[in-house]
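Please look over the sequence and the structure first.

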Amino acid sequence: MLHTSPAPGADRSDPAGADGTPTPDTVVTAPEEPPADRVEAGRHARHSPLIRLVGRTLAWSVPAAAMLIVGLVGITQPVLGWDEMATWSATQRPVSKILSFVANFDGVLAPYYLFMHWWTGIFGTSHLALRAPSLIAMAVSAALVARLGTRLIDPFGGLIAGLLFVAVPAVSRYAQDARPYGFAVLFATLATLLLLRAIERPTPLRWLPYALSVALLGLANILALLLLVGHAVAVVWRFAVTRDRRLLWWAAAVALGLVPAVPLIVLAMPQHDAMLAWIHVYDWRVAAAAPGDIFGATVAGLLIIGVALAARPAQRWVLATLLTIAIAPTAALLLASIGSHVWVPRYVLFTVVAWVLLAAFTLRGMPVRAVFAVVVVTCVALPAQFDMRGDDTHVGPDNRLTAEFLRTHAEPGDAIIYAVEDLWSTRNGIEYYMGDKAPRDVLLFRSRVENDSLKDTECPDAAACIGDTKRLWVYRCANSGQGLAHLGSAEHFLRQRTVLTERYSLSTCTLRLYVQGGSPSWPSEPMSLRDPDADATGGD
């Protein structure tokens, strides 16, 4: 409904015509949209304070507990992937060496590596210890999603939003990953919640926490700062309605929050090619697969998006803000990927929060349908939830399987040689899973810590380093069928002075045992295949 007010000098006793229509002397003004907290307060004023407190508490505590339970299921099952091995390798160094390392590689992850250095110093480096910070971050995120939903909709809407968030497979995937993506989701959600508080009452005491949350977001993931596009929409819209100049302090808060990210950006610029060269070239299929890749399950993701697009919040600025957060970061990253290698779905995982909030808006006032929607999404996502907890789902060689095999098959005095293309991932993996029980790393010349890198330097003279070591295990994953090709300085030695006696197929990797003495192993050699799945027909 439009509100009317008499123009200056008009008769205030009769501001409108007899038929109720505004007269020429009447100024028609649009009503100011009430802040979200007032809408919520009015909607639930009839309930007693105790009931409201219980409702609000359950709204955030149930999703948080659900996230902890779901995230703990199978958290130790997946083998540490390539990225997680990098986390373990980097964080086990002294602080000074971590700083030297990030000056060469993974500069944007410096804050995370320093945090994990402190964390693992207290809790150790088991699968659970390495992944627990991400799980805790996602559990807190689930609580904040519900709190956002409570503030924008009502406690039940917050509960539905939080449970939809927990049901998303990608959320569980990165709650079980020793990388900073869980923290990026946490700080993105926190920043959005603090922005709403600051918009409702734009005081310095509310802008400062928001600035801090932006700083933490940039430290967790620079690309997650794309969230600020959505925040800008919220601020500009509210300023257009209220003309409250205190809202303009948002720009200052953002500028302050971006300061800690500047050194990381400076570090990252020369490292870009080395860090992101592995990312696939963009094409239309990448964009088409984006919803499934972001949510971790195509059907579940499309269901949530479909429900979300039907949302019609009473406050249009809320709709505009959430849609911008949901769509703009993904669109921007996809467009940037046309000319660069930057599209990685997990970089925009925080957009899931906006989608589930919009879906909760759509389901507002329909409790049965809301519960049904949560059940349907959960059931549809279950296969992906199970798949994401498989042994090799974190991308990388199954070093645990190889380590278990070597414990039972390697003999005292054995040595191990790593294929050049696998160098840091396999060497780190065997060291992590076997420790000092691993076969001797006969070609290790200069360690990765000394190199301020993820890679070690190998012995330039394989014959001198191998010496009279009788049994040599060759571990290869990336090109497991290539035998002795591209083994660096060891290739010639192995071809000329060893015999291949055993070969095993271990997941996507191969493990071969070469023994010194006898005739050269190329082009044919005796072979004992203990693994029935191994290929008995091909040579090396």
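Predicted model: local features only at pLDDT ≥ 70, side-chain atom pairs only at ≥ 80, totals over all residues.

Residues are numbered from 1 along each chain as its sequence is written, and side-chain values use heavy atoms, with hydrogens and water left out. A search of the whole structure finds 2 disulfides (pairs of cysteine sulfur atoms within 2.5 Å) and 19 aromatic pairs.

**Disulfides**

- A disulfide is a covalent bond between the sulfur atoms of two cysteines.
- Counting bonded cysteines along the protein chain, the pattern is 1-2, 3-4.
- Cys459 is bonded to Cys465, with an S to S distance of 1.9 Å.
- The link of Cys459 and Cys465 is right-handed, with 75° about the S-S bond.
- Cys459 has 5% relative accessibility and counts as buried, whereas Cys465 is partly exposed at 24%; buried means under 20% relative accessible area, exposed over 50%, and partly exposed in between, using a 1.4 Å probe and protein chains only.
- The other disulfide is formed by Cys477 and Cys509, whose sulfur atoms are 2.1 Å apart.
- The disulfide of Cys477 and Cys509 is right-handed because the torsion about its S-S bond is about 105°.
- This pair links distant parts of the chain, 32 residues apart: Cys477 is in the loop between β7 (471-476) and α24 (490-497), and Cys509 is in strand β9 (residues 509-516). Helices (H or I, at least four residues) and strands (E, at least two) are DSSP runs, numbered from the N terminus.
- Cys477 and Cys509 are both buried.
- Cys379 is partly exposed, at 47% relative accessibility.

**Strand β3**

- In a regular strand the side chains alternate between the two faces of the sheet.
- From strand β3 (residues 415-418), Ala415 and Ile417 point one way, Ile416 and Tyr418 point the other way, and all are buried.
- Strand β3 runs parallel to strand β4 (residues 440-441), joined by 2 bridges; two strands pair if DSSP finds at least two bridges between them.
- Within this pairing, Ile416 stands opposite Asp441 in β4.
- Strands β3 and β7 also run parallel, with 4 bridges joining them.
- Here Ala415 stands opposite Leu472 in β7.

**Nonpolar surface patch**

- Leu50, Leu53, Val54, Leu58 and Val62 form a nonpolar patch on the surface, with about 450 Å² of accessible area together.
- Patch residues have over 30% relative accessible area and no salt bridge, and nonpolar side chains (Val, Leu, Ile, Met, Phe, Trp, Tyr) are joined within 5 Å, like charges within 9 Å. A salt bridge is a side-chain nitrogen of Lys or Arg within 4 Å of a carboxyl oxygen of Asp or Glu. Areas come from the Shrake-Rupley method with a 1.4 Å probe; for residues, only the protein chains shown count as cover.
- Leu50 lies in helix α2 (residues 49-72) and is exposed, with a relative accessible area of 59%.

**Aromatic pairs**

- Rings of Phe, Tyr and Trp (its six-membered ring) pair if their centres lie within 6.5 Å; planes under 30 degrees apart count as stacked, over 60 as edge-to-face and the rest as tilted.
- Trp207 and Tyr210 are an edge-to-face pair, because their ring centres are 5.9 Å apart and their planes are at 75°.
- Both residues lie in helix α10 (residues 204-220), 3 residues apart, about one turn of the helix.
- Trp207 and Tyr210 are buried.
- Ring pairs also link a cluster that includes Phe101, Tyr112, Trp118 and Phe187.
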